[in-house]
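Reader: Could you take me through one part of this model closely, starting from a single residue and saying what each term stands for?

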Amino acid sequence: MMSLFMINPVETVTQIVTLCLVVVVVAFMIKHWDRVMVALTGDDRIHGSPMDCVWFTFFRCCGTCNGDWTRCLSKFPCCPTKIRNTNLVKKIGKLLGLTTYTVELKNIVIGDLPVTQRCDFYIQVECAANPPMTTALAEEKLPKVVHFPEIMTLRIRWSLLEQSVKITVKELNVFGSTDICYCFIGAMQLIDWADDPSDRIKRFEMKPMHTDAVRETPAWILLEIGLPADDRDLDNFHDGGKGIVRTATKQGHYNELAVKEFKHEYALLDASGHAMQEPLEDDLAGLECCSRCFLNMERFLMFWGAVGLLVPSVSTVYAGECYRHYRWITIARLACPNETVFSHDRLHDISKACHLQFDGTGSDVGSSPCRPTDEAILETCKGPHGGSFPTDQPPVRAFEDALSAATMSEHGGVSCPHEVCWLVQQYAQAAGIGSVGGWVAYFLLICGVRFMGFRVVDGRRRRLMALRAEQTKMMSDSVTGRTRAGFLA
């Protein structure tokens, strides 16, 4: 009865109201996730997926390698035509569903739309985490048949984890737009159909947004699904970082120019069509080379530094886990000297009882079995040969509980050597300080390289700008002098 009077009704009501508000806010965020993303990032979606993380981390080494070095292996005539002179890492990524294939949608026609009058139609295509693509506006068209001249290029993965491609027909209004109908097509099916030249033109049913509308026939969309047919062959284009501009010709071929020649051939114009001055390509190439060197250095240090720090950190955690198990066995051995084996639950119970009894008491080491000395733990670590390890106790394994649950096995975990106790007692404090110091030095080094790269590139840019300004001034003075001399003559 006293417990009922001890309840604070104001506090209880406050907690219930707070919980209800949290639930309402979370539900609102889930329902209007796209609007929340627009408010936070300016976009309505996250442009990334788990496959992107795997590709960037393991196949690109966190951005330090793009796999172009494999082209020297695939350029030999003995290689199959499909992989000749290609990036083999990307080819493997395509087969594993980590990188994208290119699929084109053309000859797009929609018909039998659930609309009763002429409207302005357009189509929106959404695939994976890429930004939505839209066609041009088909103005004042009847809903029976509407044609679109666009060729839409999709980047999709051949993977079961890839999201289906969503095609939506929209009507443009004075304020905003209205979704009329939609359909979903599997990404893997699109890739398979594109690779089959026998039957690439297909007509799909489209679902109306308002299912209560009565229609005599369902809406549909006609698509020709194929591989890229660009005259420039951009899917297989690789300039090796040289900066090549490839343009199509009227004859259906392509022409290639270096960026320096391209800028000389096509002058830079402003919105009025007047020629503009721009930096020399040689200066830009030098700045880009310098910036790329620092960027590669930063990525190299970032990746291999993280690997070099994670290995000792994981080793420290592993050694600490082994030492903790040996310490539990030592406590159990000292508390129950007549027993020869202890189960996991028994060890946990003994350790928990020791924590409840001695934590915060300030008792000395060695005063109780719950406070074993380093020598007692070392005796346990020696094992059954010359040590005090319980005779029937199974070998100690680190992470045994977690790995046993994950693998559904009774013998999970990583075996612990007997020397781990001595190593922990000798170097545990130094390893902890070294690990923290290593991570601090790692982040300071990355920031230092980034700052140094910025300063070097910025200083070089300023020197080039001053040099070109001086040359422009000298040229202008020379032209002015010649003009004035010709006028006086």
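Author: Thr-135 is buried, because its relative accessible area is 9% (buried means under 20%, with a 1.4 Å probe and protein chains only). This is a predicted model, in which local features need pLDDT of at least 70, side-chain atom pairs count only at pLDDT 80 or more, and totals for chains, interfaces and linings use all residues. Residues are numbered from 1 along each chain as its sequence is written, and side-chain values use heavy atoms, with hydrogens and water left out.

The loop that holds Thr-135 runs between strand S3 (133-134) and strand S4 (138-141), strands being DSSP runs of E with at least two residues and helices runs of H or I with at least four, numbered from the N terminus. Once neighbours within four places in sequence are set aside, Thr-135 is in contact (heavy atoms within 4.5 Å) with Tyr-122, Ile-123, Phe-148, Glu-150 and Met-152. Gly-432, by contrast, is 297 residues from Thr-135 in sequence, and their C-alpha atoms are 59 Å apart in space.

Turning to helix packing, helix H9 (residues 281-335) meets helix H11 (residues 374-381) at an angle of about 100°, and their axes, lines fitted to C-alpha atoms over the stretch in contact, are 9 Å apart. H9 and H11 are therefore roughly perpendicular to each other, a term for angles of 65 to 115 degrees on a range from 0 to 180 between N-to-C directions. H9 contributes Tyr-323, Tyr-326, Arg-327, Ile-329, Thr-330, Arg-333 and Leu-334 to this contact, while H11 contributes Asp-374, Ala-376, Ile-377, Thr-380 and Cys-381.

How values were computed:
Angles under 35 degrees count as roughly parallel, over 145 as roughly antiparallel, 65 to 115 as roughly perpendicular and the rest as oblique. Buried means under 20% relative accessible area, exposed over 50%, partly exposed in between (1.4 Å probe, protein chains only).
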